Amino acid sequence: MAFPFPAPLPVLLAPLSQLSADGQLRELIAERRDRHDGTGPIWYLQPDQVAALGLGQGQAEEAVVTTSAAVLTWLQLRFGGRTSVAAIPTDWLEAEAGDLPPRAGLAALT
């Protein structure tokens, strides 16, 4: 039986760069996807996607969506942010949120 609406998924929201600035989230997502043949159930939402889905609080925010509440809890402990749930279709996430977070900037050498 098909459900007319997607099931709510755990979401971690944070101000822009809190999750992605040091490159560790990018590495984590890439590793999880590698273990699941390139499609690990974890997605990064850029600020424009967060705003388009109505998930933010009016400021530039980034987000991580996953199918696992336990993974999201671990991410919150590691990166901070606040949790939520949202009914986002996984086919939309696969099509629109498949990119990895941005690469970390280069460290300033002085």
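**Salt bridges and sheet of the model**

Arg78 is partly exposed, at 32% relative accessibility (buried means under 20% relative accessible area, exposed over 50%, and partly exposed in between, with a 1.4 Å probe and protein chains only). The model is predicted, so local features need pLDDT of at least 70 and side-chain atom pairs count only at pLDDT 80 or more, while totals for chains, interfaces and linings use all residues. Residues are numbered from 1 along each chain as its sequence is written, and side-chain values use heavy atoms, with hydrogens and water left out.

Arg78 forms a salt bridge with Asp22, with 3.1 Å between the closest N and O atoms (a salt bridge is a side-chain nitrogen of Lys or Arg within 4 Å of a carboxyl oxygen of Asp or Glu). The two residues are 56 apart in the chain, Asp22 in the loop between strand 1 and helix 1 and Arg78 in helix 3 (helices, H or I of at least four residues, and strands, E of at least two, are DSSP runs numbered from the N terminus). Asp22 is also partly exposed, at 41%.

Two salt bridges are found in the whole structure. In the other, Glu61 and Arg82 meet at 2.5 Å, N to O. This pair links strand 3 to strand 4 across 21 residues. Glu61 is buried, with a relative accessible area of 1%, whereas Arg82 is partly exposed at 26%.

The four strands form an open sheet in the order 2-3-1-4 with antiparallel pairing (two strands pair if DSSP finds at least two bridges between them). Its edge strands are strand 2 (42–45) and strand 4 (82–86). Strand 1 (residues 9–15) pairs with strand 3 (residues 61–66) over five bridges, and Leu12 has Val64 as its bridge partner in strand 3.
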